[in-house]
Structures are given as C-alpha cells and as structure tokens.
Amino acid sequence: MLQLQLAKWQFSLGQGLLSICLLCASAASCAQARPDFAEIETIHTLSDRDNTTALKQLQEYKDKLGPDADYVLRAEVLKTLIGILYDAGKIKEADAANAELLQLARSRKDNDMINMALIGEAFQMMDQGKFAMALIKLNDIQQSLRDTKNAEVLMRLNIAFGMVQLAIGNFDKSLSYFLEALKLADQIPRRRVQAKLYRMESIARLYLNMHNAEKALETTNEALAMLPDMESPKIISSLQMTRGLSLIDLGRHDEALEAYKTVLQIANESGMPALAATALANISDYYLHVHKFTEAERAARFSLEKATAVKDPFAIAIAKANIGFALAGQKKFSQGITYINEAKKFFMETGSKSDVENLLSEIGNMFEAADMHKEALATVREQQKLSDELFRSDRARAVATLQEQFNAQQRQKQIELLARENQLKDAEIKNRQLQQVILMLAGVLMVMIGAVIFFLYQRVRKTNEKLREVNEQLEFHAVRDPLTGLYNRRSFVDMMKGRVILPEGERREDALENPDCLILMDIDHFKNINDNYGHAAGDAVLVEVARRLRSTVRDTDMVLRWGGEEFLIYSPRTNPAQLKNLVDRILRSIGEDSMAVDGAEVPVTLTAGFISLPFSGLPEAVCNWEKALQIADMALYLGKVNGRNRAYGVSKLLTAYEEALPVLDHDLSAAIKAGMVELAEVHGPVRHVESHHPASPVMPHAELASDMK
C-alpha cells in the first residue's frame, strides 16, 4: 500500500522558483519593458490553473523574442519557464533552461542572477542525493551574496538551505530557514501571495517529516484560508494533497479521502492528468487501508490509465503496486503478484532502494496475512538484506554531509578571523603614527589592543570547545541509536570483531560452563501499533521497550537496537541453567504491564530467539557468532509462527555437528523434526484479553514444517 505525494520532498524548482522582476538599468528601459512584463505575468497566472497552455504560450513568446532581445526580458522569461517546466514534469528541459539563464547572467556579470541560477544547480544536486556537494555550493553562494538586498534571491537561498537541512535530519534548522523564506516572501515585488502559500506548504511538509501531523494540518488549513480571493487550482490542489497526507497520519481517513477527491475534481476540471493520477493513487491507498479492495483496484486502474497517458514511470509503478495489493486482498494472488513484481522491477532498475524496501515490507505483510509463511520468510529476509544496505548507505551519506557542513562552518570562521586580523594590522599602523603626536594616548591604545587580543583568544577557545563537542557528538552517534540511546548494530559488530577467540585446543572450561548468550527480540505487531496509535506512539513504545530491557539485564550485558523494532541482548558469561530465567524476565518486563502512551494503554509483547556462544561446545571457528545469531533469528521466526509472545532457544546439538549444521544453516524446522537439536521454550506473560486462546505448540505442525526455511 503505497502513497504518492504531489511533489518530491525537494519541492524542486517547480513550486519554489517564482518569477523575479529584475531592477532595470534605467527608467527608459523599464518603461520599454513594462508591457512585455505584463504579458509574462498573464502567462504565469494562467499556469496556476492551466499549466499546459501556459507552457505552450511562454515557449512561443520566448521564440518570438529571439537571442537579441532585451536582457531583462530574456532573463524573466527563462526564470518563469523553469518553474512551469518543472510543474509539467519536464526536468531535463528545466535544467537546460537554468543553464541558459546562468550563461546569460554571466555574459552581463549580473551577480544576483548568476547566484539564482547556481542555486538552481544546487537543487539539481539535491535531486541526485548529493547533499554534501549541495551544501558546499550553497555556502559559497551565501558568501557571494553577503552584500545583496535582493529579497527574491535571498528567499530562494533560504529555501535551498532548508531543504538540505531537512534531507540530513536537522529539522530545527530547516524550519528556521523556511520561516525566513516566508518572511522574505512579503518583500518580493510580484506574486507575493503565491510565494507565501508555497512556503507555508513546505513548512507543513516539514512538520509531516517531523511526525507532527497536527501542526502540518494547522499550517495547511491556515494557508487554505488565504485562498478565497485567488483563482489558483494548482495551489489549492497542492495544499489539499498535503492536508490529506496530514489527515491520514492522524487516522482521520474519511476526511483524507474527501481531500483527495477535491484534488481529483480540480485535476479533471483543469486538465492536469498527472495530478489526477496522483490523487487516484492516494485514493486507492485509502481504500487499501480500510480493506475495500474492489474500490482500491478500481481507483488504482484509473490512476494507471492517467499515469500512462502522461508517461510518468514512477506513478505507473505506484499504480501497479496498488493494483497488485488490491487483487491480493480479493484472494487473486497470482494476478496480484504479477503487478507487484512489475512495480518492484521498476524501483530496482531505477535504484530506488528505499521504495523497494517499503514495497517488500508490504509484500511480507500480504504473504503473512494469507498464511503463505514460506514466501513471507523469503520476503522478510530480502527486506532485511536491503535494509542493512540502506542503513550503511544512509549513515555514510549523513556523516559525510555533517562533516562537510562542519568544514564549511570552519572555513567561514577562518575568513572572519582573517578579516579581524587585517583590521588589527591597520589599527597598529595608525597607532604608530598617533604615538608620534599624542604620547598620552599610548597607554589607552595598548589596553584596547590587549582587550581585542583577549577577545580573539576567548573566541578561539570557545571555537575549540565547540569543535570538541561536535566530535564527541559524532563519536556518540556512531555507536548509539539516536532514538533509544541503545548501542547500534555497528558498535556490536565492531566489538565482536575484536573479540578474542581461543583455538579449539586452548578453550577454557569456564568458557564452556559459562558461555556468552545472544537473545534476538522483535516487538509483536509493531506495524499495528503505528497504524492504530500513530508513528509518534510507535517511537514512544520503542523508547520504553529499551528502558525496560536495560533495567532487566545486568550492567555487564549489552542491549542493542538491532534495527526497526528488533533488539539484541549480548549477555557474556551466562550460566546456561539461568538462561531461561533471564529470557522469562525479559518477556515479562515487556509484556506484563501495558505501556502508557499519550493517555492510551498500549499492550506490547515480544517474540525472541536465543542461543549460547560457543554453541553446544562447538569451536567458534565451526559456529561463529554470526552463524549463531542466524540460528537465533530462525528460532525467533518459529516463535512468530507459533503465536508470538514467546521465546525459543536452541540449547544443544543431539547429533554430530557435521551432520546437523548443514541442515541447521537454512532450516531449523527440519533440524527439529529430524531430532538434531534440543529446543527450549519460554512463554511470555498471558494477558487477560488473550486468555481465551490456547497456547501454541513448540514444534510446528506437519503442514508448516516444510515452510520454515
């Protein structure tokens, strides 16, 4: 079930790039250009309700002007053309127009216009995911614009900075930049209301990223209240789409549906098929959420028809995915899988790994709901592998961006220090001249110089302290999960790499009598918690689970957030006889008492798999920690299949490891069925509301045994 938003998170050049009226070189040239500006403004206003016709008229107007036309007119046409091209989805043509604008501005040495085009290039970098490079470019542009008073270019710069900060997760800084852009919108010469509305929408989308749907809805409603006197279907539809997304996050699904229907009506009446495809995709997603699969299929097929007509491959893939899930909901699995696989193939070919990961999550849920456990397990493993790749890639990108941001700030501070040093040198020269005339001022001047030097020393010391704090923060976030404060996967892997493993002949008896223990846990039905209580409640549950786990285990035990709703406990030197008691305490600490979240009592349970290391007395060269953790993961999945709220542990081998391990590597159920391993079982606390359900057996029934791969 995939949602398709109206615009990318970048808000790209289409919404953000308002046409700019340049200052004319003389009153005569302004007077001569005024009628043509009126025609450009008419076309721009037309684009608010009929983008296709406006684009055609502006291209004809540009061709009529020719290369020898007045510079101001040509620049104005190009800037307006860039925005309309982006709204039409013609990204390559818009980038080409931006390059033409940059060349034209450089030929006239127009610094403001040069930087306007360079900001456009920074947006292109953001479109490609090159946030660090975009940040460097924007800092250089900011230096070049230090003396400008042009509100339009400053507004555009603040929008770009806000988008970079949003991309790297600095939401507070992003909001400050967007608010500054909103303030500057009141100072531009034309289209002020449109500029303010788009800025308010960008702020609303930021609130959605911050999981503050209430604030996003409030901002969107405030913007819509400014619209009665404007005829702008494009802006209305954009705001209504954002409003619908906010309502979905708040669980107000029926109101969200009405917002999407409003967008669809505007799209059909204004001749905007791409917008209609978007609205239909989100309507289809609504029906999937409420399990009205026939209506979901109908809306998705209409969306596919519209998306195919405008040749939007991303919208086509979304529509096919929604058709597939709608068919699966109607028990037409073979037809549904065909559509879903087509969407999956598109996202994989375009490198949209995050979209593939989201799609795999929905496919896994679909298989699980249909009791197709073998397919569900294969999908979950594929999703986990891709999730690990995204984790490493996103972390590397975020660290690189933060480092570039820090380096840019340091360069700025160095420039300021050099400027102050030059001022000091000038002051010293003047002081020498004054000393020859007024000796009495020498003492005063020396005191002033000392004060300045002391001030600079204090600034340098504070700068070094801030640098140390930033380095400490980077070091902390490198090994800690930012939400729960637990250790992260990377810290555990690094620790295990440095773990001393004795050769087989040198193993200590203590290591066999008190082995280490790995307990892998997963929160049951966590997606339902997000769906029923909201993502903010889901985050609160993760934090509370982390707190309870830390308070349950020993200080020497290591508690990690393994990823998503998965946690891992590494308990060194644990007596095997006490291991089941430890697992029992963990399950009870989470499941006995509900978690209070925003006034609601949220029931939470865990399913776990556990194993000792070394496993069954085997040398770690034969069964290392990674293989042991893989066995624990299969035990966890066995717990999921047998009813959740329980833990299974693989205690020891019952046959020779040469016979058992090849089977155990990929199929725990087969190993259990063949009597190769001994399985330990720990049940979680039985909640009152669950008391009418019989306990599930430890061993999977015969029909399920073959699907446990």
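How are helix 9 and helix 10 oriented relative to each other? In this predicted model, the two helices are roughly antiparallel, a class that comprises angles over 145 degrees, whereas angles under 35 degrees count as roughly parallel, 65 to 115 as roughly perpendicular and the rest as oblique. The axes of helix 9 (residues 171-185) and helix 10 (residues 192-209) cross at roughly 170 degrees and come within 9 Å. The contact, defined by heavy atoms within 4.5 Å, involves F171, S174, L175, F178, L179, A181, L182 and A185 on helix 9, and R192, A195, K196, R199, M200, S202, I203, L206, Y207 and N209 on helix 10. The residues of this contact comprise 12 nonpolar, three polar and three charged; Ala, Val, Leu, Ile, Met, Phe, Trp, Tyr, Cys and Pro are counted as nonpolar, Asp, Glu, Lys and Arg as charged, and the others, Gly among them, as polar. Axes are lines fitted to C-alpha atoms, for helices over the stretch in contact, with angles from 0 to 180 degrees between N-to-C directions.

Residues are numbered from 1 along each chain as its sequence is written, and side-chain values use heavy atoms, with hydrogens and water left out. Because the model is predicted, local features need pLDDT of at least 70 and side-chain atom pairs count only at pLDDT 80 or more, while totals for chains, interfaces and linings use all residues.

The protein chain contains 29 helices and nine strands, taken as DSSP runs (H or I, at least four residues, for helices; E, at least two, for strands) and numbered from the N terminus. Of its 709 residues, 48% are buried, that is, under 20% relative accessible area with a 1.4 Å probe and protein chains only, as against over 50% for exposed and values in between for partly exposed. Among contacts between residues at least 6 apart in sequence, 68% join residues at least 24 apart.

Helix 6 contributes N111, N115, L118, I119, E121, A122, M125 and M126 to the contact, and helix 7 contributes F131, M133, A134, K137, L138, I141 and S144. By class, these residues are 10 nonpolar, three polar and two charged.

The end C-alpha atoms of helix 3 (residues 51-65) are 21 Å apart, in agreement with the 21 Å that its 15 residues should span at 1.5 Å a residue; the expected span is 1.5 Å times one less than the number of residues. N51, A54, L55, L58 and Y61 of helix 3 are buried. These buried residues fall within an arc of 130 degrees seen down the axis, so they line one face of helix 3; the arc is that of the directions from the helix axis to the C-beta atoms. Just after helix 3, G66 adopts a positive phi of about 80 degrees.

In helix 11 (residues 213-224), the buried residues are A213, A216, L217, T219, T220, A223 and L224. Their arc of only 165 degrees around the axis puts them on the same side of helix 11, and they pack against helix 10 and helix 12. Within helix 12 (residues 233-249) lies Q240, which is buried at a relative accessible area of 13%. Beyond neighbours within four places in sequence, Q240 is in contact with L224, A259, T262 and V263.
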